[in-house]
Amino acid sequence: PSSTPSASATLPTPRFFRRLSKLSGLGIDELVAVEAEDHYVQVHSTRGKELVYYRFRDALDELDGVPGLQIHRSAWVSRRHIQGLDGRGRKLEVVLVTGDRFNVSLSSHRALLQAGLR
């Protein structure tokens, strides 16, 4: 049987992954989310979290081509690790496989629906 290549087999590893020490060797398939925290990014993965001194905008530039969505001005999530959406009224959150929840900006609601996430 033929198998489809994983994201990490077909995409180059983003350069900012080299800044990781606790999550050294992290594969693209293990990346769950990237969140801005002041002048740092919090990298969420299936192996845990790591806070790295790095600009969020630079991280986003390097994630270009990785299947994911920027759902807020300070959050990017991997599509493969979205477990579901939870919304009440105008508030919408993405629920990840790790149990983490991220707020979705109003301007990103449409992008999630267009991506087939409900």
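Guide: Let's start with Arg 88, which is exposed, at a relative accessible area of 61% (buried means under 20%, exposed over 50%, partly exposed in between, using a 1.4 Å probe and protein chains only). Before going on: this is a predicted model, where local features need pLDDT of at least 70 and side-chain atom pairs count only at pLDDT 80 or more, while totals for chains, interfaces and linings use all residues. Numbering runs from 1 along each chain as its sequence is written, and side-chain values use heavy atoms, leaving out hydrogens and water.

Arg 88 belongs to strand 6, residues 82–88 (strands are DSSP runs of E, at least two residues, and helices are runs of H or I, at least four, both numbered from the N terminus). Its side chain has a polar contact with that of Asp 86, at 3.4 Å. That term means a pair of N or O atoms within 3.5 Å; within protein, one must be able to donate a hydrogen and the other to accept it, and residues adjacent in sequence count only if both atoms are side-chain atoms.

Now for Glu 62, in helix 2. It counts as buried, at 17% relative accessibility. The side chain of Glu 62 makes polar contacts with the side chains of Tyr 54, at 2.5 Å, and Arg 15, at 3.0 Å. Leaving aside residues up to four places away in sequence, Glu 62 touches Pro 14, Arg 15, Phe 16 and Tyr 54 (contact means heavy atoms within 4.5 Å).

Phe 16 takes us to the largest nonpolar core, with 18 residues; Phe 16 and Trp 76 are among those with the most contacts inside it. Such a core is a set of buried Ala, Val, Leu, Ile, Met, Phe, Trp, Tyr and Cys residues joined through side-chain atoms within 4.5 Å. Strand 1 (31–37), strand 2 (40–45) and helix 2 (56–62) each give this core two or more residues, and helix 2 gives the most, with three. In soluble globular proteins, nonpolar side chains tend to be buried together.

What does Trp 76 touch, not counting residues up to four places away in sequence? Its partners include Leu 31, Val 34, Phe 56, Leu 60 and Pro 67.

Zooming out, the chain has three helices and eight strands, and buried residues make up 42% of its 118 residues.
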